[in-house]
Amino acid sequence: LIFWLLQHKLLIVLNKADQFHKIHDFARAYGSLCWNLSKVIPRKDLPPIFTMSLPSDTSQKTSLSASLSDLEHTRDDVVEQVMQAPKRRIDNVITNLYDSSATLILYSKIWNDVVAKYNKEW
């Protein structure tokens, strides 16, 4: 239940993917992450998993790091998502205000009905 309330605030990151020496190791780590997430997240579909790497260092290249060059773009996507946090905060405040006003309207209607009912009886 809590995940449903916070899913727009959660970014799942598999970092240092370029540190794996074999693609098989990366696949096992990714599969394990997905398996464990499926056990704690009560959804059919998993949220997006951002697979990232550390900034490139040309002195430490593995056979896998050459095939994962697009991970640098994922880092940019995560930074962009994090930079949008203030915008999400404003959206949350507006949503909370809307929900609170709807609750207040409901309470006022109930109060008016109760007052009208007891005024007729007295």
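## Ser-101 and helix H5

The backbone oxygen of Tyr-98 lies 2.8 Å from a polar atom of the Ser-101 side chain. This is a polar contact, meaning a pair of N or O atoms within 3.5 Å; within protein, one must be able to donate a hydrogen and the other to accept it, and residues adjacent in sequence count only if both atoms are side-chain atoms. Ser-101 is found in helix H5, which covers residues 85-121. Helices (H or I, at least four residues) and strands (E, at least two) are DSSP runs, numbered from the N terminus. Ser-101 is partly exposed because its relative accessible area is 32%. Buried means under 20% relative accessible area, exposed means over 50%, and partly exposed lies in between (1.4 Å probe, protein chains only).

The model is predicted: local features need pLDDT of at least 70, side-chain atom pairs count only at pLDDT 80 or more, and totals for chains, interfaces and linings use all residues. Residues are numbered from 1 along each chain as its sequence is written, and side-chain values use heavy atoms, with hydrogens and water left out.

## A surface patch

Leu-106 also lies in helix H5. Leu-106 counts as partly exposed because its relative accessibility is 47%. Together with Tyr-107, Ile-110, Val-114 and Tyr-118, Leu-106 forms a nonpolar patch on the surface, with about 500 Å² of accessible area in total. Patches are made of residues with over 30% relative accessible area and no salt bridge; like charges are joined within 9 Å, and nonpolar side chains (Val, Leu, Ile, Met, Phe, Trp, Tyr) within 5 Å. A salt bridge is a side-chain nitrogen of Lys or Arg within 4 Å of a carboxyl oxygen of Asp or Glu.

## The whole protein

The protein has five helices and two strands, and along the sequence they follow the pattern α-β-α-β-α-α-α. Of its 122 residues, 18% are buried. The accessible surface comes to about 9800 Å², with 60% belonging to carbon and sulfur atoms. Accessible areas come from the Shrake-Rupley method with a 1.4 Å probe; for residues, only the protein chains shown count as cover.

Contact means heavy atoms within 4.5 Å. Among contacts between residues at least 6 apart in sequence, 67% join residues at least 24 apart.

## The nonpolar core

A nonpolar core is a set of buried Ala, Val, Leu, Ile, Met, Phe, Trp, Tyr and Cys residues joined through side-chain atoms within 4.5 Å. The largest one has nine residues: Ile-12, Leu-14, Ala-17, Phe-26, Cys-34, Leu-37, Ile-41, Ile-49 and Leu-71. Strand S1 (12-14) and helix H2 (23-40) each supply at least two residues of this core. The largest share, three residues, comes from H2.

Thr-51 lies in strand S2 (residues 49-51). Thr-51 is buried because its relative accessible area is 12%. Not counting residues up to four places away in sequence, Thr-51 touches Leu-14, Ala-17, Phe-26, Tyr-30, Leu-71 and Thr-74.

Thr-74 belongs to helix H4 (residues 71-83). With 15% relative accessibility, Thr-74 counts as buried. A polar atom of the Thr-74 side chain lies 3.5 Å from the backbone oxygen of Thr-51. Apart from its neighbours within four places in sequence, Thr-74 is in contact with Phe-50, Thr-51 and Met-52.

Val-78 is found in helix H4 too. Val-78 counts as buried, at 10% relative accessibility. Leaving out residues up to four places away in sequence, Val-78 touches Val-13, Phe-50 and Met-52. Val-78 and Met-52 are 26 residues apart in sequence and 8.8 Å apart in space, C-alpha to C-alpha.
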